[in-house]
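Visitor: I would like to learn how to read a few backbone features. Please walk me through them.

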Amino acid sequence: MADTVRNSESLQELHKASVTARALRSSLRRLVATLTTCSGERDSHEALLEQLRAEVRRESEDLEAQAASLPTCGGGSLFDSELKRAVAAPAGVPPRRSSTKRKAEGKSNDELAPRFRLRISEAPATAVPSSLLQATSYVLAAGAYSGRADGQGECGGIAALLSCGRLEVWERDLFSWHRTTTAKVRLPRSAKASLDFAQGGSQLWLALTGCGDSPSADLPAPVQTRLYLRNGATLRLSAILQGPPSILLAGPVTLSGAGTEGAAMMLSPSAQSNCCDVHVLQWHAPSNSNAGHLEPVSIFPVASALQSSRSQTSAGACDAAITVMGLWALPECCETTVDRKLAARSWRLAACVKYQGASKELQLRNGLGECLAVLPLEESVCCLAVPPQEGCPPEAHQCFNLNKTGFSFLLLLATDSQPRGEWRLCLAFQNDREDRFNSTSKEPAKLCVQTISTVEADVKDAVALATSEGLIGFSARDTSWLLDWQQQRVHALPKGWTPIAVGPSTVLARNFAGESRELVFFELG
């Protein structure tokens, strides 16, 4: 009981310090803005400037005093302590439920406040034919990346693709956000798009699809994959690959390992098709004599891994009524190879699909399409997400005594079997100790899950919309929510806004209407 009281008091002190820090940053922004606007008339604004300086000094002193009173701890989040408790608990002890209470719908959430708003201008990019221009431009897709290559720290920047054919990159400085670069993108009719950054934001993958050029037939246009390289304030198009006419179901997700980079995405031949294939691409960096280019590595169907063999990779084996629930990248394995074509064997993908009859499974595959492991999901699981694994400390694997060749990763499961529903933070791992890489068995390994913690949330008809190292943006019952799974809190977005991209402590949201002409940056307090 005493530990619970101390933890509650520590969280209150930490929240109070974060509010003071936010106020200090706002005061610094006002001071800098005032100094900029009155640079030639300093005397007439001296009283206002002195008032702003006094606010900065007072809030700085308050923050220093509050920081000095905060207790020191070894872990960086509640996730660390809950993980240790889950490992140390005897068998059969249920995971601890978060004591966080959700705020009633419709009330303001002071911990998730809008900090920056972007309104799209009317100027179209010249790359868009005049016959395809809309009356107003809107946001097609967006992505975010962390300010550090290891996935930690604050959100470093975002990219937004607009329907006028303009790709914009916005980066964060000490005080605000500013646009650093733009690029022109030729869009198909009724364009659909998706973006994904590599860790650190050095690479930006863009997948484009839509309708064909013939207005009389709504056939899908060829899927186009673009790779942009970002270096400081420059954004350079490195490679383009034209794929088959398809509908983009999921992806692209960035893959890396064995010194190579690539991306994967789920495609369907048409809206009426029950089949979906995973397309894996590899990037060949520019050399002295050759330009950079993208090359298909493998194409494999998403068939039931519980009924198919590990080596089945030929297209055409389609299950009826397949519903894609998500595609995520996992850290590569430690295999080494000198053959770049076989480097994709070290890439890891997690694909979740729902089959006819409501059976659901999460498959672990490599870049060549081999199914390495499978996790059958309970009927009560209505939504799931596999976050970037930088949020999982190495101690988690050591605590469960996992062998080096076993499979383990974090995932979040939304279950609606409870009266109010909940998100479960789980560790999926291989139950047996068999070396699946050297095993002669053709059956994939079976995974099981260990629940670490749970958070109450409204998950009826939940759909995961965006994922980052510590945040999951999802919608449920026409309301958008933000799950901070490391701090075990759920935040409600203001009514009418839905998350389109999330990064560390930052949420990028657009209006429910779809053709939203505004982007709002929400930041966690």
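**Backbone notes**

Guide: Ser-190 is found in strand β7. Strands here are DSSP runs (E, at least two residues), numbered from the N terminus. This is a predicted model: local features need pLDDT of at least 70, side-chain atom pairs count only at pLDDT 80 or more, and totals for chains, interfaces and linings use all residues. Residues are numbered from 1 along each chain as its sequence is written, and side-chain values use heavy atoms, without hydrogens and water.

Visitor: What is the phi of Ser-190?

Guide: Most residues other than glycine have a negative phi. Ser-190 has a positive phi, near 50 degrees.

Visitor: Is Ser-190 buried, exposed or partly exposed?

Guide: Ser-190 counts as partly exposed because its relative accessibility is 45%. (Buried is under 20% relative accessible area, exposed over 50%, partly exposed in between; 1.4 Å probe, protein chains only.)

Visitor: Where does Gln-488 lie?

Guide: Gln-488 sits in the loop between β25 (479-484) and β26 (489-492). Its phi is also positive, about 55 degrees. Gln-488 is buried, at 5% relative accessible area.

Visitor: In which order do the four strands of the open sheet run?

Guide: Strands of a sheet pair through backbone hydrogen bonds, either parallel or antiparallel. Here the order is β7-β8-β9-β10, with antiparallel pairing. Pairing takes at least two DSSP bridges between two strands. The edge strands, β7 (189-197) and β10 (234-245), each pair on one side only.

Visitor: How many bridges join β9 to β10?

Guide: Nine bridges join β9 (residues 222-231) to β10. Leu-227 has Ala-239 in β10 as its bridge partner.

Visitor: Which peptide bond is cis?

Guide: Most peptide bonds are trans. The bond from Gly-251 to Pro-252 is cis, with omega near 5 degrees. Pro-252 belongs to strand β11 (residues 247-257).
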